[in-house]
Amino acid sequence: MEFNEMKSTWNAVRTPTIPSTEIQAMLSENKHPVLKGIRKQLTIEIIGWCIFLLCYYTMFDANLKPLWINILLVLSILLPLIHNLMGYRLAKYLVHGANIRESLKNYLSKIKIYAIISIVSRQIYLAGFLLFFTYGLRFNTSRYVLLAIIGLIFLVQLWLLTRLWAKRLKNLGNTIAIFR
């Protein structure tokens, strides 16, 4: 197909007109696909963690551990949930500026803080779990090896998460640079 034929075919296609009220309805919180996915994930996580918190005291001998270990475990579970709620709020209120460039710059500054909180909260979450489940154990050589492997897995997760956020921030920065 020649370029001119393709161009005329493209121009012949009618763009569907959508009333602004329908566009507003699509962008509402209940219909927005990204927010809907985040809400679904958040609901599943909240239900799962609530079930865990209802059962952990008897299933994992939490009654034999000090109160501060139990509090640390609960806080380390609440931290990712709070983090996800922050992410939902960040995704919900994207536009904060007079134009796209300003809005993206504001979003970049917020997402940088969110990235740091994401990395730190993940590590606190993992450390809280590790402390809870290793508290009171007698360590031998095989348990030290297992603990070293778990520590290595934590470090790899930290590295991957940091890399992921750095890539996201770089892409957002590159997008902002286009608008100059």
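Author: Ser118 touches His83, Leu161 and Trp165, leaving aside residues up to four places away in sequence. Contact here means heavy atoms within 4.5 Å. Ser118 sits in helix α5, residues 100-134. Helices are DSSP runs of H or I with at least four residues, numbered from the N terminus. Ser118 has 6% relative accessibility, so it counts as buried. Buried means under 20% relative accessible area, exposed over 50%, partly exposed in between (1.4 Å probe, protein chains only).

This is a predicted model: local features need pLDDT of at least 70, side-chain atom pairs count only at pLDDT 80 or more, and totals for chains, interfaces and linings use all residues. Residues are numbered from 1 along each chain as its sequence is written, and side-chain values use heavy atoms, with hydrogens and water left out.

Now the helix pair. Helix α3 (residues 33-59) packs against helix α4 (residues 67-92) at about 170°. Their axes, lines fitted to C-alpha atoms over the stretch in contact, lie 10 Å apart. The angle runs from 0 to 180 degrees between N-to-C directions. α3 and α4 are therefore roughly antiparallel, a label for angles over 145 degrees. Among the α3 residues that meet α4 are Trp49, Phe52 and Tyr56. On the α4 side, they include Leu73, Ile77 and Tyr88.

Last, the cysteines. The structure holds zero disulfides, a disulfide being a pair of cysteine sulfur atoms within 2.5 Å. Cys50 is partly exposed at 40% relative accessibility. Cys55 is also partly exposed, at 30%.

Definitions and conventions. Helix = DSSP H or I, 4+ residues; strand = E, 2+ residues; numbered from the N terminus. Parallel < 35°, antiparallel > 145°, perpendicular 65-115°, else oblique.
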